[in-house]
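This report walks through selected features of a predicted model, moving from local backbone details to the sheets and the helix contacts. Please keep the sequence and the structure in view while reading.

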Amino acid sequence: MPQHVQGVIAPGKNEPVRVETIVIPDPGPGEAVVKIQACGVCHTDLHYKQGGINDEFPFLLGHEAAGIVESVGEGVTDVAPGDFVILNWRAVCGTCRACLRGRPWYCFDTHNAEQRMTLLDGTELSPALGIGAFAEKTLVASGQCTKVDPAVAPEVAGLLGCGVMAGIGAALNTGNVGRGDTVAVIGCGGVGDAAVVGARLAGASKIIAVDVDDRKLETAKAMGATHTVDSRSTDPVEAIRELTGGFGADVVIEAVGRPETYEQAFYARDLAGTVVLVGVPTPEMKLELPLLDVFGRGGALKSSWYGDCLPSRDFPMLVDLHQQGRIDLAAFVTETIGLGEVEQAFARMHQGDVLRSVVVL
């Protein structure tokens, strides 16, 4: 029987979010219903609310989540009722050209639940990133559920579903940071700080955090940055070069998603160095660089989608590292809130007051 639960929807562009009754259908073939225990408030949810992703309103927001599988549909064998899972928005298909070439983290045909969740009047909802987890329960494709150690706190585990994984993966997977490398991270919000954690985990010798907010620079230092640069008063390119013997960093991770900061990242890297774009730009943004500089500086310019992660590989590993005390995922949780406080959490995010607000159910 379909279930009625409470969830947070964005009814229209830039309209305040509100809590509504959501109808969750029974899971069909390849689908699962998950009882949500915690879901982080991510900047991507704000993009949805503002109409920056698409205009398929109303949206059921929330995607950075962990919970318990309640029921599964026909043919589901990878998870079972009672499993503790982190939800992911990159459920690999296993059959596309990337998967068949052994590169499933680039899967070109990721999938979501076939059925739609609705409002009581039958209005279909668009779940954020195919998840929609600001709700007591949600319907997803079973491949979007990744089993992890149930001993980890849900509010910590859920962060791997998006922002923390994006940042750590930008360093480890996309940037291939190695022992002794110098790394610069431009933009020290949740994703940038996670990139700092990833660079430290990889054994970087120097990690330079760049931001315009003193509070964020202090947090980045606590996360493992060895140096900080306040780009309000200092040219970050010159500062990064000065801190790396005049050469520039081996890997520069741009976690803002703006042309100005990307250009800084491009010129702050060493010859044959790597730039990783993990900050999400908006559709109207344009980038202009001298082609001769692109050619002459060599190296690699990469974008990092979800930290190039493979959830089945990376989520359990990072949970284990957290359980061992080697990374502190709990440090990303600034506050826990209820479903009715999401609008206020967006305001605190915009003001730079939090790393992550986490809805706990």
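Aspartate 308 lies in the loop between S16 and H10, and its phi is near 45 degrees, a positive value in a residue other than glycine. Most residues other than glycine have a negative phi, and most peptide bonds are trans. Is aspartate 308 buried or exposed? With a relative accessibility of 7%, aspartate 308 counts as buried, because the cut-off for that class is under 20% relative accessible area.

Alanine 272 also has a positive phi, here of about 65 degrees, although it is not a glycine. The position of alanine 272 is in strand S15, and with a relative accessible area of 58% this residue is exposed.

## The parallel six-stranded sheet

An open sheet is formed by six strands, arranged in the order S13-S12-S11-S14-S15-S16, and their pairing is parallel. Strand S13 (227-230) and strand S16 (300-303) are the edge strands, and each has a single partner strand, so one side of each is left without a neighbour in the sheet. Between neighbouring strands of this sheet the turn is 20 degrees on average, with direction ignored.

Within this sheet, strand S11 (residues 182-186) and strand S14 (residues 249-254) run parallel and are joined by four bridges, and alanine 184 has valine 252 of S14 standing opposite. Helix H7 (residues 236-243) packs on the sheet, where it touches S11, strand S12 (206-211), S13, S14 and strand S15 (269-277), and the direction of H7 makes about 165 degrees with that of S12. Helix H8 (residues 259-268), in turn, lies across S11, S14, S15 and S16, and runs at about 150 degrees to S15.

## Antiparallel pairings of S2

Strand S2 (residues 18-24) runs antiparallel to strand S1 (residues 3-10), and seven bridges join the two. Strand S2 is also joined to strand S7 (residues 118-119) by two bridges, and these strands likewise run antiparallel.

Which residues stand across from isoleucine 22 of S2 in these pairings? Valine 5 stands opposite isoleucine 22, while in S7 the bridge partner of isoleucine 22 is leucine 119.

## Two helix pairs

Two packed helices are described by the angle between their axes and the distance between the axes. Helix H5 (residues 190-202) and helix H6 (residues 214-223) pack at an angle of about 25 degrees, and their axes are 9 Å apart; H5 and H6 are therefore roughly parallel to each other, and their crossing is right-handed. On the side of H5, the contact is made by Asp193, Val196, Val197 and Arg200, and on the side of H6 by Lys216, Thr219, Ala220 and Met223. Sorted by class, this contact has four nonpolar, one polar and three charged residues.

Helix H4 (residues 163-174) and helix H10 (residues 311-323) pack at an angle of about 105 degrees, with their axes 12 Å apart, which makes H4 roughly perpendicular to H10. The residues in contact are Met165, Ile168 and Asn173 of H4, together with Arg313, Asp314, Phe315 and Leu318 of H10. These contact residues divide into four nonpolar, one polar and two charged.

Leucine 160 sits in the loop between helix H3 (154-157) and H4. With a relative accessibility of 0%, leucine 160 counts as buried.

Which residues does leucine 160 touch, if residues up to four places away in sequence are not counted? The residues touched are Ile86, Met165, Tyr306, Phe315, Leu318, Val319 and Leu329. Among them, Met165 of H4 and Phe315 and Leu318 of H10 also take part in the contact between these two helices. Leucine 160 and proline 316 are 156 residues apart in sequence, yet the C-alpha to C-alpha separation in space is 9.8 Å.

Methods
Residues numbered from 1 in each chain as written. Predicted model: local features only at pLDDT ≥ 70, side-chain atom pairs only at ≥ 80, totals over all residues. Heavy atoms only, no water. Pairing = 2+ DSSP bridges. Axes fitted to C-alpha atoms, helices over the stretch in contact; angles between N-to-C directions. Contact = heavy atoms within 4.5 Å. Parallel < 35°, antiparallel > 145°, perpendicular 65-115°, else oblique. Nonpolar A, V, L, I, M, F, W, Y, C, P; charged D, E, K, R; others polar. Buried < 20%, exposed > 50% of the residue type's maximum accessible area, 1.4 Å probe, protein only. Left-handed = near helix turned anticlockwise from the far one by under 90°.
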